[in-house]
Amino acid sequence: DKDKVYIFGGKQVENEYSSSNKVYMIDFSDSNYPEYKQLASTAFPRANADATILPNGEIFLNGGTAFNDLKFSIFTPEIYNVKNQTSRTLSDGYFRRNYHSSTLLLPNGSILITGGDVWNSEIFYPPYLFEKDENNKTVLANRPVITKINKKIKRGIVDIILDENEVLDIEMITIISTGTTTHSQGSEPKFRSLEILTKDKNKLSFKIPSNKNELQNGTYMIFAITSNGVPSKGEIIFLQ
């Protein structure tokens with residue numbers, strides 16, 4: 001949402017302290033009187049973990065430790081839903097990802113997990129990339145496809161073209177800043193759900209805020225998301 005920052009976990013300095021699983025939200029929509037609220041906790045306490053915004057606005061949390069950088073590493077990632085304050089755990093990673101680790105959302109919707117004190121990388125595939133077929137077998141999800149979008153976009157009304165018959169099933173258009181992360185800190189994640197204006201055949205129109213304080217110029221990924229929560233591939237654009 002606009003003017004909100006979420007804080008996950010963390011740790012007091014020195015070894016006698018364990019990590020936290022608490023979640024806080026800062027709402028600075030009224031910058032004279034910002035609100036600081038505690039939300040429902042995550043499944044695991046984490047320090048030096050990574051928090052990555054997903055195309056649907058949920059938060060992917062992975063890595064970190066429950067005590068210090070080399071002990072009690074957390075191998076189980078989770079997805080935190082900031083709207084209903086719930087967390088669901090996912091399949092374990094193979095390597096610990098602590099201090100110096102990095103996590104980035106890739107344009108295809110998967111997540112690159114890399115570094116820490118382990119010199120390798122893993123790719124995580126979130127649940128929204130899969131579905132069940134008529135035989136209850138897990139298969140790749142049928143995803144919407146953005147077939148045409150300008151690579152340089154100005155503020156105001158934007159048109160995109162999707163594959164035929166997909167437009168009516170699009171429930172959300174979201175924009176996420178391309179990743180930049182180090183030392184378990186994403187230094188400039190920005191996310192907005194954009195207002196959908198019209199849907200017509202295979203064309204969809206949405207609106208980007210004109211106020212640069214809401215959404216700064218720069219490089220972003222735009223996702224089209226179905227009513228089942230399945231995202232398209234993220235199209236990289238430059239907002240000017």
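Me: Which residues lie nearest the centre of the second largest pocket, and how many residues line it?

Reply: A pocket, on a 1 Å grid over the protein atoms alone, is an open set of points where a 1.4 Å probe fits, with protein on both sides within 12 Å along at least five of seven lines; lining residues have an atom within 4 Å of a point. Here, 18 residues line the second largest pocket, and N142, T226, N228, G229 and V230 lie nearest its centre. The model is predicted: local features need pLDDT of at least 70, side-chain atom pairs count only at pLDDT 80 or more, and totals for chains, interfaces and linings use all residues. Residues are numbered from 1 along each chain as its sequence is written, and side-chain values use heavy atoms, without hydrogens and water.

Me: Is D3 buried or exposed, and what is its phi?

Reply: Buried means under 20% relative accessible area, exposed over 50%, and partly exposed in between (1.4 Å probe, protein chains only). D3 counts as buried because its relative accessibility is 17%. Although D3 is not a glycine, its phi is positive, at about 65 degrees.

Me: Which class of accessibility does H100 fall into?

Reply: H100 counts as partly exposed, at 40% relative accessibility. H100 is not a glycine either, yet has a positive phi of about 80 degrees.
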